[in-house]
Amino acid sequence: MRRARFWAGGHNQRIQKSSPTLHAEIAALEGAGRQKADVYRTATLYTTLSPCSMCTGAILLYKIPRVVVGENVNFKGDEDLLRDRGVEVIIVDDQDCKDLMRRFIEERPEEWNEDIGEAA
């Protein structure tokens, strides 16, 4: 049996790095560096929010088989597409995640809309 290995953590860095693509999932993949294809195929990606279309694309591209989502109440991304493509999606429904995201959305609506590609 293979031992679990922690690659990298990440957080949204779009504003800090003036990047349109550095959602937490992308930042974590970038932080992990180049990996062989079989490494991705045994990985689990953990994320606070349901993955958006961009992050879903990265998950599918690298054939990451499992995604654990903290919450999908404040934002439901492309979970159905992931499931349709064979990815196991586990929703934790964590109250702390829900509260954190609700507060962020209420306090910073312009940043939130920018994060999800919506007009202000």
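With which side chain does the side chain of Asn72 make a polar contact? The partner is the side chain of Glu79, at 3.1 Å. A polar contact here is a pair of N or O atoms within 3.5 Å; within protein, one must be able to donate a hydrogen and the other to accept it, and residues adjacent in sequence count only if both atoms are side-chain atoms.

Some ground rules. This is a predicted model, in which local features need pLDDT of at least 70 and side-chain atom pairs count only at pLDDT 80 or more, while totals for chains, interfaces and linings use all residues. Residues are numbered from 1 along each chain as its sequence is written, and side-chain values use heavy atoms, with hydrogens and water left out.

Back to Asn72. Asn72 sits in the loop between β2 (66-71) and α4 (79-84). Helices (H or I, at least four residues) and strands (E, at least two) are DSSP runs, numbered from the N terminus. Setting aside neighbours within four places in sequence, Asn72 is in contact with Ser50, Glu79 and Ile91, where contact means heavy atoms within 4.5 Å.

Glu79 also meets the side chain of Arg83 in a salt bridge, 3.6 Å from N to O. By salt bridge I mean a side-chain nitrogen of Lys or Arg within 4 Å of a carboxyl oxygen of Asp or Glu. Glu79 and Arg83 are 4 residues apart in helix α4, so about one helical turn separates them. Glu79 is buried, at 1% relative accessible area, whereas Arg83 is partly exposed, at 37%. Buried means under 20% relative accessible area, exposed over 50%, and partly exposed in between (1.4 Å probe, protein chains only).

Asp80 forms a salt bridge with Lys76, with the closest N and O atoms 3.4 Å apart. Lys76, Glu79, Asp80 and Arg83 are linked in a network of salt bridges. The search of the whole structure finds 8 salt bridges. One of them joins Asp93 and Lys98, at 3.0 Å between the closest N and O atoms; Asp93 is partly exposed at 40% and Lys98 is buried at 16%.

Now helix α1, residues 24-32. Its buried residues are Glu25, Ile26, Ala27, Ala28, Leu29 and Ala32. Their cover includes α2 (37-40), β1 (44-49) and α3 (53-61). Just after α1, Gly33 has a positive phi of about 75°.

Finally, Gln35 lies in the loop between α1 and α2. Its side chain reaches back to the backbone oxygen of Ala32 at 2.8 Å, and Gln35 is partly exposed, at 22% relative accessibility.
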